[in-house]
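Me: I would like to go through this model with you, one topic at a time. Could we begin with how some of the helices pack?

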Amino acid sequence: MRIVVVGGGPAGIRAVEQLVRAGVTPIWIEEGPDGGGRITQRPPPGFTRDHAALYGADAGRARRLHATLDAMKPRTDWRPDTLVWNIRPQDKVLHTLTNGAAQGEVAYDALILCTGAMDRVLPLPGWTLPGVTTLGGAQVALKSQGVGIGANPVLIGTGPLLWLTALQYAKAGAKPAAVLDTTDFLTKARFGAGMLWNLPTLLRGMGLFAQLKLRGVKLHEDITPLAIEGVDGVTAVHWRDAAWKEHVTPCDAVGMGWGLKPEAQLADLAGVPFDYDATQQNWVPRKDVAGRAPVAGVYLAGDGAGIGGVEVAELAGARAALAALGDAHLPSDMALTQHLDGRLRTERRFRKALEQAFPYPAKLAARMEDSTSVCRCEVITAGELRAAAAADAPEVNRAKAFSRVGMGRCQGRLCGTPAAAVLAKALSVEVPEVGRLRGQPPVKPVPLQQVG
Amino acid sequence: MKKALVIGGGLHGLSTALHLARTPGWQVTLLERRHVGRHSSGVNAGGVRRLGRALPEIALSVIAAEMWQNITALVGDDCGFRATGQVKVAESTADMAKNEARVAQVRALGWSHEEVVDQVEVRRLLPAVSRHVVGAIVTRDDGSADPMRTVMAFRRAAEQAGVTIVEGVAVTGLEATAEGTIRVDTDQGPYEAERVANCAGAWAPDLAALTGETIPCGTKASMMIVTERLPPFVDPTVGATARALSFKQTAAGTVVIGGGHQGRNDKAAETSTVLFGSLAHAARIAAEIFPCVAQARIVRSWTGTEARPPDDMPVIGESRTLPGLFHSFGFSGHGFQLSPAAGAAVAELMARGATNLPVAPFTQDRFTVPA
């Protein structure tokens with residue numbers, strides 16, 4: 001039984017843990033040099049900031065995850081620095097690239113994809129200036145390399161990651177110039193009650209908010225970001241407050257992010273169908289409660305299977321591994337399975353409230369000025385995308401063919417969400433009606449020579 | 001007005017519909033099962049090439065080349081056509097000998113567009129080419145166009161000429177009526193016309209089969225890869241004498257690599273997928289002929305499905321079982337350049353039963369086994 005786990009984040013770690021418990025030695029593939037995931041991103045060896053400083057309230061979780069990660073590596077076929085860039089589902093084979101140079105093929109009987117997530121962005125005038133990054137990128141820089149994106153960054157977006165990043169920067173000695181939240185207080189308050197399903201997490205979120213206030217970080221809600229100013233770098237952010245008053249906040253960097261989207265390209269190439277999740281405002285690969293995809297032998301867990309956060313990722317990773325073991329008639333822990341199913345049910349309710357409390361501002365994306373770049377790889381503006389819509393592109397794949405939006409290095413991973421919002425508005429339809437960009441290998445750019 | 005139906009919204013269907021709609025007295029409707037340009041028409045390499053054509057195709061290709069030089073006059077858009085030349089490189093003296101024989105053969109037939117050039121000239125044309133290349137065949141005013149833009153330009157022109165394009169309609173049956181017209185059944189009700197064109201690409205032989213006509217034909221799913229943007233280093237589209245390669249740098253800077261390497265094709269599901277094993281071969285050839293791309297990164301790959309008769313040449317001609325039905329399919333991976341001229345020929349066959357355009361070699365009779 002060849003079980004392959006792709007991803008060394010929280011979901012992958014907990015999946016592997018269950019497989020090893022059952023006596024299986026999985027092949028474990030991680031794109032980065034080490035596992036640990038993004039929210040519990042691990043610094044390289046030799047860095048001395050401890051877990052408490054790096055992860056704050058999540059320090060205990062990070063410590064446990066890293067301990068399991070290290071314990072599992074020698075008990076698996078651990079392959080770091082390895083990108084899975086294509087799948088041949090008919091043959092059950094993965095194409096891999098190790099250290100950017102060594103080409104490989106990995107056969108599997110069961111495949112557990114724990115491929116994680118990335119930030120959703122809202123293109124603004126100036127968003128491609130040096131010094132602008134995603135909230136996720138801003139966090140990773142801090143946790144993995146001990147460097148910030150700036151000394152006085154403006155952080156824009158919505159969601160727990162916005163406050164978390166702000167607090168981490170404040171604790172690390174930076175002084176955030178402002179935290180600009182596009183969601184109004186009422187929306188958050190209205191759905192806050194639903195988050196009582198996970199009181200500790202809710203309290204942690206509220207704690208973040210309080211700590212930021214205590215540290216004197218300026219928080220503004222219900223704002224509209226207007227532009228990022230700068231020539232060779234960022235010098236200020238223009239934004240409008242809830243009372244429609246315009247502000248200019250000087251800063252030296254910008255971190256932006258509006259929730260997360262699944263990095264589900266491998267599930268797509270494996271032939272898994274996708275459904276639009278209106279609460280998450282994301283296309284999500286189809287799976288049952290245990291993480292089984294409708295494609296035999298393919299299992300999905302963690303944020304790559306639909307955004308759930310780190311806690312859900314751990315539960316779902318273990319659950320998917322138990323499903324794979326059960327389906328292969330290998331010993332699996334029935335009691336644990338039942339326990340996980342119960343916890344996952346509760347978490348789903350919490351998550352639903354969380355997503356509703358921090359929506360992606362699709363309306364702002366749809367109203368983007370014609371001159372703003374939507375697709376930064378191919379430098380395609382919202383106006384050019386709207387022209388494609390006018391030239392009979394009723395869905396995103398044809399809009400891509402006409403306009404080149406999503407044809408570049410990122411393959412629409414970054415521009416896909418805002419482009420769909422712009423296109424839907426231009427066509428006067430709902431966002432799910434314009435569809436989803438079809439995945440094309442390679443998942444990420446691969447050197448020609450390595451393919452040859 | 002006489003009624004005509006064109007089945008298939010690829011480039012050949014659109015071109016046929018356009019030319020017929022510009023013929024006085026014809027009212028044209030085009031039926032497309034999915035959407036215009038869904039398969040190979042919208043995703044091919046966009047080669048506008050006479051170079052290396054099979055001898056029976058040269059005459060039509062030469063006429064098409066003249067139409068491409070004035071493509072704006074035909075469809076109101078330049079289709080991204082750039083006459084940057086086509087070059088087929090020779091990698092050995094054996095290749096050179098083959099090239100010289102080929103060009104002599106073409107010239108003996110009266111065509112002068114192909115030209116043999118030496119190493120000095122090929123290095124002048126392609127400064128980035130590998131040092132082992134010894135010469136080439138060149139057609140200087142061939143070039144390439146943007147396939148999706150071309151499809152959309154033909155669509156717009158056809159609609160302006162009065163063609164009604166209906167997308168999302170699948171043909172399920174074809175038969176002669178007592179009145180001498182053809183009834184075309186679809187999943188959304190019947191259509192009737194005096195003339196029907198079968199431009200359904202990979203699915204065209206199935207339509208022929210609906211009328212009891214068997215035309216031997218397979219399918220093709222040629223693969224393409226594209227790199228991230230690179231600084232400009234090559235203008236012409238480049239092929240190789242002894243190896244399967246099609247290589248060009250687009251105006252955007254990306255390098256598009258093909259050459260007929262085949263992906264996996266699922267005709268029933270109307271999809272095709274990339275097979276990297278065989279694409280790897282294309283990548284290797286590309287990096288050997290242009291060493292500067294070895295480190296370039298591939299960002300996408302894709303395939304498109306179309307028909308391929310046993311001799312890799314198209315089928316153009318009237319049905320042998322259903323008079324009034326005209327086939328135009330099976331362009332086998334090199335129909336893009338032919339489309340303006342082939343559409344004109346088929347429209348003329350439909351309108352008056354004959355054409356002076358050189359499509360006689362392409363009737364399906366060539367596959368008939370002598371009794």
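Me: At what angle do α3(B) and α10(B) cross, and how far apart are their axes?
Reply: In this predicted model, the axes of α3(B) and α10(B) cross at roughly 110 degrees and come within 7 Å. Helices (H or I, at least four residues) and strands (E, at least two) are DSSP runs, numbered from the N terminus. Axes are lines fitted to C-alpha atoms, for helices over the stretch in contact, and angles run from 0 to 180 degrees between N-to-C directions.

Me: Roughly parallel or roughly perpendicular, then?
Reply: α3(B) and α10(B) are therefore roughly perpendicular to each other. Angles under 35 degrees count as roughly parallel, over 145 as roughly antiparallel, 65 to 115 as roughly perpendicular and the rest as oblique.

Me: Which residues meet there?
Reply: From α3(B) they are Leu60(B), Ile63(B), Ala64(B), Met67(B) and Trp68(B), and from α10(B) they are Pro340(B), Ala341(B) and Ala342(B). Two residues are in contact if their C-beta atoms, placed from the backbone, lie within 7 Å.

Me: Before we go on, how are the numbering and the confidence handled?
Reply: Residues are numbered from 1 along each chain as its sequence is written, and chains are lettered from A and ligands numbered from 1 in the order in which they are written. As this is a predicted model, local features need pLDDT of at least 70 and side-chain atom pairs count only at pLDDT 80 or more, while totals for chains, interfaces and linings use all residues.

Me: Back to α3(B). Is Ala65(B) buried or exposed?
Reply: Ala65(B), which lies in helix α3 (residues 55–69) of chain B, counts as buried, with 22 C-beta neighbours inside 10 Å. A residue is buried if 20 or more other C-beta atoms lie within 10 Å of its own, exposed if 12 or fewer, and partly exposed in between, with C-beta atoms placed from the backbone.

Me: What does Ala65(B) touch?
Reply: Not counting residues up to four places away in sequence, Ala65(B) touches Arg50(B) and Asp142(B). Ala65(B) and Pro340(B) are 275 residues apart in sequence, with their C-alpha atoms 8.9 Å apart in space.

Me: How does α1(B) pack on α10(B)?
Reply: Helix α1 (residues 11–21) of chain B packs on α10(B) at an angle of about 50 degrees, the axes being 7 Å apart. That makes α1(B) oblique to α10(B).

Me: Left-handed or right-handed crossing?
Reply: α1(B) passes α10(B) in a right-handed crossing. A crossing is left-handed if the near helix is turned anticlockwise from the far one by less than a right angle, and right-handed if clockwise.

Me: Which residues make that contact?
Reply: On the α1(B) side they include Leu11(B), Ser15(B), Leu18(B) and His19(B). Among those of α10(B) are Gly343(B), Val346(B), Ala347(B) and Met350(B).

Me: Leu18(B) again: where does Ala157(B) come in?
Reply: Ala157(B) is in helix α7 (residues 147–160) of chain B and touches Leu18(B), Val75(B) and Gly76(B), leaving out residues up to four places away in sequence. With 20 C-beta neighbours inside 10 Å, Ala157(B) counts as buried. Leu74(B) is 83 residues from Ala157(B) in sequence and 8.1 Å from Ala157(B) in space, C-alpha to C-alpha.

Me: A change of topic: how many residues has the largest nonpolar core?
Reply: The largest nonpolar core has 136 residues, and those with the most contacts inside it include Val254(A), Leu385(A), Ile7(B) and Ala17(B). Helix α10 (residues 339–352) of chain B gives the most to this core, with eight residues. Apart from it lies another core, of 103 residues, including Ile3(A) and Ala240(B). A nonpolar core is a set of buried Ala, Val, Leu, Ile, Met, Phe, Trp, Tyr and Cys residues joined through C-beta atoms within 7 Å.

Me: How many residues does each chain give to the contact between A and B?
Reply: Chain A gives 19 residues and chain B gives 23 residues. On the side of chain A that touches chain B, α15(A) gives the most, with three residues.

Me: Finally, how many helices and strands has chain B?
Reply: Chain B has ten helices and 21 strands. Buried residues make up 53% of its 371 residues.

Me: And chain A?
Reply: Chain A has 15 helices and 23 strands, and buried residues make up 53% of its 452 residues.
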